[in-house]
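Please open the structure in a viewer and keep the selection tool at hand.

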Amino acid sequence: MKNVIAFIVLLVVNFCFSQNKFDQKESENFQTKINGEYADAKTSPLMQEDLKTFKSLDFYPINGKYFVIAKFEKAENEKVFEMKTTGTRTPKYIKYGTLYFTIDGVSLKLNVYRNIELSKTKEYKDHLFLPFSDLTSGKESYIGGRYIDLKIPKGKTMAIDFNQAYNPYCAYNHKYSCPLVPLENDLNVEIKAGVKTFH
C-alpha cells in the first residue's frame with residue numbers, strides 16, 4: 001500500500017512539474033519581443049539619441065539554471081502600502097505572497113506584489129510584480145535591480161524564469177518613475193540571467 005501511495009505522489013509531482021519545464025524558446029521569444037518594443041519609437045522607453053542607434057539590449061546567455069520552480073505561500077492579512085519609486089509617484093501595492101526556491105544549493109526567498117490599480121483592469125487582473133536585486137546589481141546589471149512579470153498561480157508552486165528579468169524604464173530614461181526594489185527582495189547571490197545594464 002505504501003508503494004502505491006508513493007507512486008501516486010510521484011506521478012502527481014512529475015505531472016505538476018512537467019507543466020513547468022524550462023523552455024529555451026520562451027526565453028528567446030522574450031528577448032525578441034522586448035527588443036522589438038525598444039526599437040519601436042511608439043513603445044520604446046529609450047531616449048531619442050539612444051533610439052537612433054539601438055540594435056539590441058545586452059542579455060546574459062540564456063541558462064536553464066535560472067529557471068526555478070518556487071514554493072508559493074500566499075500572504076494573509078496584508079495591508080495595502082505605497083511603494084517608493086524613483087520619483088514622487090507612490091503607487092499602491094499589496095504583498096501577495098512569498099516565493100521559496102534554491103539556486104546552486106542556496107535557499108532563497110522573494111516577496112511578490114500586486115498593483116492595486118492594475119489589478120482592477122481586465123488585462124492585469126492576474127498580474128503579479130516581482131522586483132529583485134542581487135550581487136550583479138550596480139555591476140553587470142542595473143544598479144536599481146530588475147523586474148519579472150508573473151501571473152497568480154493556481155496551485156502552491158510558481159515558475160520563475162530569471163532569463164526574463166528586465167530593467168525598469170528609468171534605467172533608460174530619467175523621465176520615468178519606477179518602483180524601488182524593497183530591501184527584503186535583495187538576493188545575496190549573483191543572478192546572471194536576463195537583461196544586463198544599459199551602456
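**First stop: Lys 156**

Begin by selecting Lys 156, which is exposed because its relative accessibility is 67%, where exposed requires over 50%. The model in view is a predicted one. Lys 156 belongs to the loop between β6 (146-151) and β7. Leaving aside residues up to four places away in sequence, Lys 156 touches Ala 70, Lys 71 and Phe 72.

**Second stop: strand β5**

Now select strand β5, residues 127-132. Is this strand enclosed by the rest of the structure, or open? Six of its six residues are buried, so β5 is largely enclosed by the rest of the structure. Colour its two faces separately. One side carries His 127, Phe 129 and Pro 131, the other carries Leu 128, Leu 130 and Phe 132, and all of these are buried. Then display β6 beside the strand: β5 and β6 pair in the antiparallel sense over six bridges. Within this pairing, Leu 128 stands opposite Leu 150 of β6.

Show the side chains of the aromatic residues; the model contains 12 aromatic pairs. One of them joins Tyr 93 and Phe 129, whose rings are tilted at 35° between the planes, with 5.5 Å from centre to centre. Which parts of the chain does this pair link? Tyr 93 lies in strand β3 (residues 92-103) and Phe 129 in strand β5, so named distant parts of the chain, 36 residues apart, are linked. Tyr 93 and Phe 129 are both buried.

Move on to Tyr 169 and Tyr 176. Their ring centres are 5.0 Å apart and their planes meet at 70°, so this pair is edge-to-face. Tyr 169 has a relative accessible area of 31% and is partly exposed. Tyr 176, at 25% relative accessibility, is also counted as partly exposed.

Select Lys 74 with Tyr 96. Lys 74 lies over the face of the Tyr 96 ring, 4.5 Å from the ring centre. Then select Lys 196 with Tyr 60, where the charged end of Lys 196 sits over the ring at 5.0 Å from its centre.

How many disulfides does the model contain? The count is one. Select Cys 170 and Cys 178, which form it with their sulfur atoms 2.5 Å apart. A disulfide is a covalent bond between the sulfur atoms of two cysteines. Both Cys 170 and Cys 178 are buried.

**Last stop: two backbone angles**

Most residues other than glycine have a negative phi. Select Asp 104, where phi is positive, near 55°. Asp 104 is located in the loop between β3 and β4 (106-115), and at 57% relative accessibility it counts as exposed. Finally, select His 199, which is not a glycine but has a positive phi of about 70°. His 199 occurs in the segment after β7 (157-161). Is His 199 buried or exposed? His 199 is exposed, with a relative accessible area of 77%.

Note on methods. Residues numbered from 1 in each chain as written. Predicted model: local features only at pLDDT ≥ 70, side-chain atom pairs only at ≥ 80, totals over all residues. Heavy atoms only, no water. Phe/Tyr/Trp six-rings, centres within 6.5 Å; stacked < 30°, edge-to-face > 60°. Helix = DSSP H or I, 4+ residues; strand = E, 2+ residues; numbered from the N terminus. Buried < 20%, exposed > 50% of the residue type's maximum accessible area, 1.4 Å probe, protein only. Lys NZ or Arg CZ within 6 Å of the ring centre and 35° of its normal. Disulfide = S-S within 2.5 Å. Contact = heavy atoms within 4.5 Å. Pairing = 2+ DSSP bridges.
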